[in-house]
Amino acid sequence: MRGLVLGGGGLAGISWETGLLHGLAETGLDLPGTADHVLGTSAGATVAGQLASGLPLAELYRRQTDPTAQNHEIVPPAEAVAALFETFHGLLTEITDPDELRRRVGAFALAADTVPAADRLAVIAGRLPGRDWPAWPLTLTAVDADTGRPRTFDRHSGVPLVDAVAASCAVPGIWPTVEIDGHRYMDGGIRSSNNADLMTGQPVVLVLAPMADPFLAPELALLEAAGQYVLAVTPDEDSLAAAGPNPLDTTVRTPSAEAGRAQGHRIADQVRELWTP
């Protein structure tokens, strides 16, 4: 049994993961079609939601690279992005307890002046070719902004797929929190960018991690200690250059997808060694 973990990384991460999966598919490795469980966080939740539609990877890739097919995105103000990084840096240097850190980030998210929730939800809906949870196991991550407690959503949660993806993608200070069952949720990446340690029970785990994550190595160590075979794929030099300094920049979509596709071709043998029974 095989688990596919799709991590967070903004618009660049969405495009890179899509390109990487498409590039691997072109070499004969259909990861989404052969995974027994998919776990998505933030950008990875969007990619997973797109895969849930059943559209071919080639079409999902076209929707990232063809400007006429790209979804309308709201461009966050530069000062909001700067405030986010400044706040995170300050909290990380001040707080060591992860529960308290998530609560403080949640307070920041709830107090932020963002675009209306309906406008953001429309963007997420526009990203998804379908609105239904897939029949195959899919788990999406989010964090309760009030309590700091992580939560996962799947097809048994009674939550619309669009809402679950929006919650997982609700970057604090940039996008509004998402109300579900009377709770306000923010980006699942506030727990960790990948949440790879949640992928239990799968002997083989492949992690696509679009951005640097200090929690990734410990998470992989936990999986390996449990006897799971793990491989983490991160952007190579070309993919990092394509993403640039701002992963929320809409102009990075085409170059990030193209770089991901090329990287998928280059790493196909390494992935095949892990993934093929």
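1. Asp 269 is exposed, at 60% relative accessibility; here buried means under 20% relative accessible area, exposed over 50%, and partly exposed in between (1.4 Å probe, protein chains only). The model is a predicted one, in which local features need pLDDT of at least 70 and side-chain atom pairs count only at pLDDT 80 or more, while totals for chains, interfaces and linings use all residues. Residues are numbered from 1 along each chain as its sequence is written, and side-chain values use heavy atoms, with hydrogens and water left out.

2. The side chain of Asp 269 forms a salt bridge with that of Arg 272 (3.3 Å, N to O). The term denotes a side-chain nitrogen of Lys or Arg within 4 Å of a carboxyl oxygen of Asp or Glu. Both residues belong to helix α12 (residues 268–275), where a spacing of three residues separates them by about one helical turn. Arg 272 is partly exposed, with a relative accessible area of 28%. Helices (H or I, at least four residues) and strands (E, at least two) are DSSP runs, numbered from the N terminus.

3. Helix α12 has a buried side made up of Ala 268, Val 271, Leu 274 and Trp 275. Seen down the helix axis, these buried residues fall within an arc of 130°, so they line one face of α12; the arc is taken over the directions from the helix axis to the C-beta atoms. Asp 269 and Glu 273 are exposed residues on the face turned away from that buried side. The cover over the buried residues includes β1 (2–6), α1 (10–26), α2 (31–34), β7 (204–208), β8 and α11, with contact meaning heavy atoms within 4.5 Å.

4. Because Asp 238 lies in helix α10 and Arg 266 in helix α11, the parts tied together here are 28 residues apart in sequence. Arg 266 is partly exposed, at a relative accessible area of 48%.

5. The count of salt bridges comes to 14. Glu 59, Arg 62, Arg 63 and Asp 66 are linked in a network of such bridges.

6. Thr 65 lies in helix α4 (residues 57–65) and, at 17% relative accessibility, is buried. Leaving aside residues up to four places away in sequence, Thr 65 touches Gln 70, Thr 254, Ala 257 and Glu 258.
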